[in-house]
Amino acid sequence: MCVSILCAACGLVSLQACNTKPDSEESGGPETTQEYGESSQAVTFCDDDAPPVGLGLYFHNGSWNQDLTSLPNPFSPGRPNALHVVDGPSRYLQELYIVSSLPTTPEDGLDPIMDSGDFSTFDWSNVQAVDEDWRVQADGYQWQHQVFYRGAHWMNDASSFKLIARDANGYQLETQTVQAGRDTLWKSSDDFLERRFVARVLSGNCMAENDCSNAGAFHLAEGFIQLRVNLHAHDSFDLPSNTASLEVKWSEAPGKIWQVPIVHDAPGNTGYGFTLDLEEVSPPSRGYYLPGEQVPIRMTYKDGSGTPLFASGAMPSYGDAIGWAPSAQGLRYLVFDGLPQLYWVHKPVQGAMETFLAGPVHKMTSVATTPITPASLFQNEIVAASHSIDGYSSVIQETPITPVMFGCLFGFLPGACDFPTPDVFTFTVPADAESGTYVTGTKARRYWQGEPMLAAASLYVQVGSPNVTTFPGFNVPGVGACGSCHTGAASLPRAWHGFAGVKKVGAQCLACHTDGYYFEPDAGMTRRLVDLHEWSNRIDPP
């Protein structure tokens with residue numbers, strides 16, 4: 001049961017400060033059970049310098065690839081082939097993604113990646129299909145099919161990864177070893193909250209459900225090594241200024257090396273870290289908004305020292321952000337260069353920046369079911385929940401808004417790729433909106449100079465009345481209380497895109513996570529959390 005999984009994990013966030021493991025620790029350690037406490041604390045660092053900075057490493061078919069796909073990026077024909085860093089802070093591995101992806105056929109299944117490529121030397125014994133999924137694609141009429149695999153020895157065995165910094169002559173400068181543990185036994189010495197070693201066969205552009213016989217259908221075999229959310233961030237290492245490359249070695253693949261060149265950039269006007277401030281723009285003097293009125297919210301993105309990333313009034317264009325232009329400061333917008341999938345496939349690195357307005361919060365007691373159709377995606381405001389169907393209202397959008405985003409990608413809106421993105425998002429209070437307290441906010445991702453970061457913020461506004469109403473809470477059966485386990489280094493803002501001060505399912509979550517998405521049937525809050533925790537079976541329940 002999910003509740004057993006979560007309770008068993010609680011002790012992982014009870015961290016010992018400065019408990020640095022010796023670099024010689026190459027394996028997952030003795031496969032014994034572990035006693036877990038119930039206390040937790042924030043990460044404590046070992047010196048008086050700036051805290052270490054998280055490091056995200058991404059390899060696709062053996063090469064450094066921040067997009068995790070071989071599809072061409074029209075906005076960045078020279079996709080970054082090196083890891084750019086600013087010298088100074090020490091590092092710890094926060095995310096590691098290694099992907100092997102090759103064309104296949106429904107008959108060949110996983111054979112291509114088992115026979116050739118990065119994963120061909122892995123021990124695939126006992127691999128088996130454990131789940132499959134049919135869903136409509138975003139275009140509304142083509143389908144995609146996925147079959148997911150687990151059980152191979154390389155997916156289950158205890159293992160470790162070693163990072164090696166080398167100079168231009170190949171001399172070793174610094175090393176760091178992290179423990180990936182094993183799939184079915186989670187020990188307090190393991191370094192990551194999330195370990196996903198899986199594979200899938202993906203078929204896309206199919207003419208209909210259960211029918212991929214058309215000539216335009218494609219088929220891919222893919223294997224994934226995915227580690228996220230380092231629970232021992234104080235175990236850090238240095239990247240000296242003469243570091244020319246960084247290597248990754250895996251204990252399960254002797255002789256295999258994943259390597260990325262290192263480029264040392266000069267410090268700029270902004271630095272590491274990622275925070276977000278929201279403020280109402282010209283709130284009504286009466287103290288509340290009325291149906292039909294607009295609610296403009298300014299979002300200010302900053303680095304860890306509080307320096308704004310962008311001048312007031314605008315943020316990066318869509319083209320600059322998805323093309324990795326330096327002016328984007330690492331801010332990530334929604335891209336379509338891959339097909340991420342909840343739990344299975346690098347869903348957490350999807351750079352969707354979403355905004356919302358929802359309420360009244362006291363009526364948000366269920367997951368919305370208002371349909372989101374293909375036509376909805378081209379509206380300036382997408383209705384995710386309606387008073388007539390769900391008993392409350394929610395309007396959502398991407399940043400930049402989807403008409404600009406699709407206008408750029410599909411070319412039907414001249415100049416859309418270069419439009420500056422406003423730093424104010426605006427929603428119209430629905431005409432049938434009920435009075436009470438509403439929540440508005442946004443969530444975002446930044447990948448800058450090697451550091452993967454999440455930020456989310458929300459604020460409350462009044463609609464129809466100054467009388468404050470409160471969110472009654474929302475429980476997902478079998479999942480339990482999020483805040484009892486997601487604390488300290490495993491807190492929701494670090495693990496996913498949790499909102500500051502929200503240690504459970506909040507109204508912020510229900511605003512976007514509805515059952516109405518035709519292309520993402522696992523987006524709804526209940527199914528999302530149940531699926532995540534049921535598939536994250538790294539702990540033997542007591």
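**Exercise 1.** Which residues lie nearest the centre of the second largest pocket, and how many residues line the pocket?

Solution. The model is predicted, so local features need pLDDT of at least 70 and side-chain atom pairs count only at pLDDT 80 or more, while totals for chains, interfaces and linings use all residues. Residues are numbered from 1 along each chain as its sequence is written, and side-chain values use heavy atoms, with hydrogens and water left out.

Step 1. Take the pocket definition: on a 1 Å grid over the protein atoms alone, a pocket is an open set of points where a 1.4 Å probe fits, with protein on both sides within 12 Å along at least five of seven lines; lining residues have an atom within 4 Å of a point.

Step 2. The lining of the second largest pocket comprises 38 residues, and Tyr92, Gly273, Phe274, Glu451 and Met453 lie nearest the centre.

Step 3. Strand 23 gives the most to this lining, seven residues. Elements that each supply at least two residues include strand 1 (53–60), strand 4 (91–103) and helix 7 (492–495). Helices (H or I, at least four residues) and strands (E, at least two) are DSSP runs, numbered from the N terminus.

**Exercise 2.** Find the disulfides and give their handedness.

Solution. Step 1. Apply the cut-off, a pair of cysteine sulfur atoms within 2.5 Å; the count is two disulfides.

Step 2. Cys206 is joined to Cys212 with an S to S distance of 1.9 Å, and Cys408 to Cys417 at 2.1 Å.

Step 3. The Cys206 and Cys212 link has 85° about the S-S bond and is right-handed. For Cys408 and Cys417 the torsion is about 100°, so this disulfide is right-handed.

Step 4. Cys482 is in no disulfide, and the nearest cysteine sulfur, that of Cys509, is 7.8 Å away.

Step 5. Buried means under 20% relative accessible area, exposed over 50%, partly exposed in between (1.4 Å probe, protein chains only). Cys482 has 12% and is therefore buried; Cys509, at 17%, also counts as buried.

**Exercise 3.** Describe the largest nonpolar core.

Solution. Step 1. A nonpolar core is a set of buried Ala, Val, Leu, Ile, Met, Phe, Trp, Tyr and Cys residues joined through side-chain atoms within 4.5 Å.

Step 2. The largest one has 141 residues, and Trp124 and Trp154 are among those with the most contacts inside it. Strand 23 (residues 451–463) supplies the largest share, seven residues.

Step 3. Leaving aside neighbours within four places in sequence, Trp124 is in contact (heavy atoms within 4.5 Å) with residues including Leu110, Phe119, Trp154 and Ala199.
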